[in-house]
Protein chains: 2
Amino acid sequence: MDEAKQKKQSHKEERKQITLNQLTGLGQEIIEDIEKNKVPSIKIPSRGTGNIVYDDAKRYYVLGDRFGRRSLGNVKQIRKLGQMVYVGNFCKDLVAREKTATIREMYYVSEGWGISFKTQQESNIIGEDLEVKLGVTREDLGLMPEEDGASVYGDITLFDETQINAAKVGKSGYTISPTIDQVEFIDHNVDKVLAVETMGMFHRLVQENAHKRFNCLIVGLKGQAARATRRFLKRVNEELGLPVYICNDGDPWGFHIAQVIISGSAKLAHVNEQLATPDAKFIGVTASDIINYDLPTDKLKDVDVMRLKELSKDPRYKTDFWQTEIKKMLKIGKKAEQQSFSKYGLEYVVDTYFPAKFEEMENQA
Amino acid sequence: MDEAKQKKQSHKEERKQITLNQLTGLGQEIIEDIEKNKVPSIKIPSRGTGNIVYDDAKRYYVLGDRFGRRSLGNVKQIRKLGQMVYVGNFCKDLVAREKTATIREMYYVSEGWGISFKTQQESNIIGEDLEVKLGVTREDLGLMPEEDGASVYGDITLFDETQINAAKVGKSGYTISPTIDQVEFIDHNVDKVLAVETMGMFHRLVQENAHKRFNCLIVGLKGQAARATRRFLKRVNEELGLPVYICNDGDPWGFHIAQVIISGSAKLAHVNEQLATPDAKFIGVTASDIINYDLPTDKLKDVDVMRLKELSKDPRYKTDFWQTEIKKMLKIGKKAEQQSFSKYGLEYVVDTYFPAKFEEMENQA
């Protein structure tokens, strides 16, 4: 316990020091310009679509090498640069005091800054600018999005204020904190992670003892995965070496919830290195599953078809697996929810479907 | 611990027995008709708007005494009655095996029934019909909605599979399970409950140690409270005698999130007795707070104005307090979010606003 606590402290302390150093560096960059009698300006990697590149080796989007400059010599940029300094200062205070604020709170705090944000959008942009400029995450800066972290159930012990075993905190499991990087993994007794889109499926898995039968952690994503959830999945995959399997609804939206976990998003190209888990695997519901298991389906809507066609052109979907499944879904014109396996009884998904999928995965590996 | 476990078992066993008895009774009602050579029919309290009455003494909506009959002698009702028997049978199996299913899973399970549901809506209605017919909740029947339970942080020990203290399960706290009635309260060391609309405010309260400073449980509602959350608040209020205070955004939607916790909804009049907490108090953000604290505001939109006018005519809002606040908000034409207190710094809401509110409440009591 004491050793665990110390380990936790060191990881947390390290990220804290890096962040404080980066923030100090930002201030120094401006001060140096002033000392050299230059108009202060700072270099920021461009986040324009032209500078977002899919990296084949890394298997996620990254930023290219284009930079922009934000200068106090440019009337249009004064406001943004001033806000960035204010936000930097606010974050430095947060980090030093080991506090966090929601981006909504920061928006209101800015009322006292003289150059307050006019819209939430304006303050979000400055937050992302700081991320990309400093190479740390918004969470490292103490700025928390208001998203609901996933639920985790199974035999992992972690340190989040206190020592917690995620199989001993109630049926709904441990909720991933927005401050997931302050959490340390202490011990675990599982050999994989099974992440599912809906809490309906999460509760089914818990109830059928899937965590014991498959020796896995069960993660309930609650739809599109929060940043903290993506960070958690990446950390268990890389720090603990646990394979991550994702099972979502069999439709373009379920596909993409998995893909954002696997390959990150274009919009957050600058932090994908911290968020993407390229080795995570989508195991279903695939178009092939819909056919093979004769699942209850709904007809694809126009918007589903449009979305599937978009995905087929997206570099993240260029593997044979995805191309085949997208084409097959378009051909059958149908989609299926993950809970539709209960056509064969509530236990079927745990008794039959997941064992078959895990065997398939092991044969591939 | 053993005693606690036993206590939990007895509460759970009692509800289980009542539910099984009620389900058996439903079957007997039909069998008795057959034995008397009568066409089977069952009596169901009407849930039509004409039979939903606001009960002044109880301070929530209840069903009146009108009944309808569903008869196998009526061609239009055969399908519904047949489905109800199937659902009753499905639920009896769930309860006996101590399992649960989502209403979505039941929808798919019905594929094997011959008279499967054509829409989710159709199966929802049968679920509610059973609730009203049997006088038990859908959750007692093992049917779970797919809603996200609130987060609870603070010094309460409860039994949910295992013994849990809600201050020792991580920064995001204990998540209320859909099966909240299987959870037993073992011990607590708080004297009130503070429920807030947003997880942003929840994390602020946890971070500022509000649970210790106010000796309270902190509950993060995540918007409109799930049925399990409402049941939890009612149980802590009535079983543990803890006053419940609710603080939401200062707009008609925040008002109504509180009001549904306090007085229940018209749609669920038949289960308000299990869900409503008439003694819970809305403490803010009020229109008066917006003025007194000079909060950052947004202009009321047309839809806000319309909604406020609706609320002013709703029997649940007939007290002087609500009438005054609704009129005041319409007059100033403005609304404010609960996080807007951070205009005065992140800690202001805990240092100044809540202490003032709690003092006000104590003086009223």
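Two strands are taken to pair if DSSP finds at least two bridges between them. Helices (H or I, at least four residues) and strands (E, at least two) are themselves DSSP runs, numbered from the N terminus. The structure described here is a predicted model, in which local features need pLDDT of at least 70, side-chain atom pairs count only at pLDDT 80 or more, and totals for chains, interfaces and linings use all residues. Residues are numbered from 1 along each chain as its sequence is written, while chains are lettered from A and ligands numbered from 1 in the order in which they are written.

Strand β12 (residues 192-196) of chain B runs parallel to β13(B), and 5 bridges link the two. Within this pairing, B:Lys192 sits opposite B:Cys216 of β13(B). Strand β7 (residues 151-153) of chain B also pairs with β13(B), here in the antiparallel sense and over 3 bridges; B:Val152 has B:Val219 of β13(B) as its bridge partner.

We turn next to the open sheets. In chain B, 3 strands form an open sheet in the order β9-β8-β11, with antiparallel pairing. Its edge strands, each pairing on one side only, are β9 (162-165) and β11 (184-188) of chain B. From one strand to the next the twist averages 25°; axes are lines fitted to C-alpha atoms, for helices over the stretch in contact, and angles run from 0 to 180 degrees between N-to-C directions. Strand β8 (residues 156-160) of chain B is joined to the antiparallel β11(B) by 4 bridges, and B:Phe159 has B:Glu184 of β11(B) as its bridge partner. Chain A likewise has an open sheet of 3 antiparallel strands in the order β9-β8-β11, with β9 and β11 (184-188) of chain A at its edges. There, 4 bridges join strand β8 (residues 156-160) of chain A to β9(A), and the two run antiparallel; A:Leu158 stands opposite A:Ile164 of β9(A).

Helix packing can be followed in chain B. The axes of helix α8 (residues 252-263) and helix α11 (residues 302-313) of chain B come within 9 Å and cross at roughly 35°. Here B:Pro252, B:Phe255 and B:His256 of α8(B) meet B:Asp304, B:Arg307, B:Leu308 and B:Leu311 of α11(B), where a contact requires the C-beta atoms, placed from the backbone, to lie within 7 Å. The residues of this contact divide into 4 nonpolar, 1 polar and 2 charged. In this classification Ala, Val, Leu, Ile, Met, Phe, Trp, Tyr, Cys and Pro count as nonpolar, Asp, Glu, Lys and Arg as charged, and the others, Gly among them, as polar.

On the scale of domains, chain A is assigned domain 1 (2-144) and domain 2 (151-364), with bounds that come from an automatic or database domain assignment. The C-alpha centres of the two domains of chain A lie 31 Å apart. Their contact takes 23 residues from domain 1 and 19 residues from domain 2. On the domain 1 side, the elements giving two or more residues are α1 (2-35), β2 (52-55), β3 (60-63) and α4 (120-134) of chain A. Of these, α1(A) gives the most, with 7 residues. By class, this side of domain 1 has 10 nonpolar, 3 polar and 10 charged residues.

Helix α4 of chain A also holds A:Lys133. Why does A:Lys133 count as buried? A:Lys133 does so because it has 20 C-beta neighbours inside 10 Å. Not counting residues up to four places away in sequence, A:Lys133 touches A:Leu26, A:Ile42 and A:Ile44.

Finally, the contact between the chains takes 41 residues from chain A and 41 residues from chain B. On the chain A side, β5 (101-102), α3 (103-109), β9 (162-165), β10 (174-175) and α5 (199-207) each supply at least two residues. The residues of that side divide into 11 nonpolar, 18 polar and 12 charged.

Definitions and conventions:
Two residues are in contact if their C-beta atoms, placed from the backbone, lie within 7 Å. A residue is buried if 20 or more other C-beta atoms lie within 10 Å of its own, exposed if 12 or fewer, and partly exposed in between; C-beta atoms are placed from the backbone.
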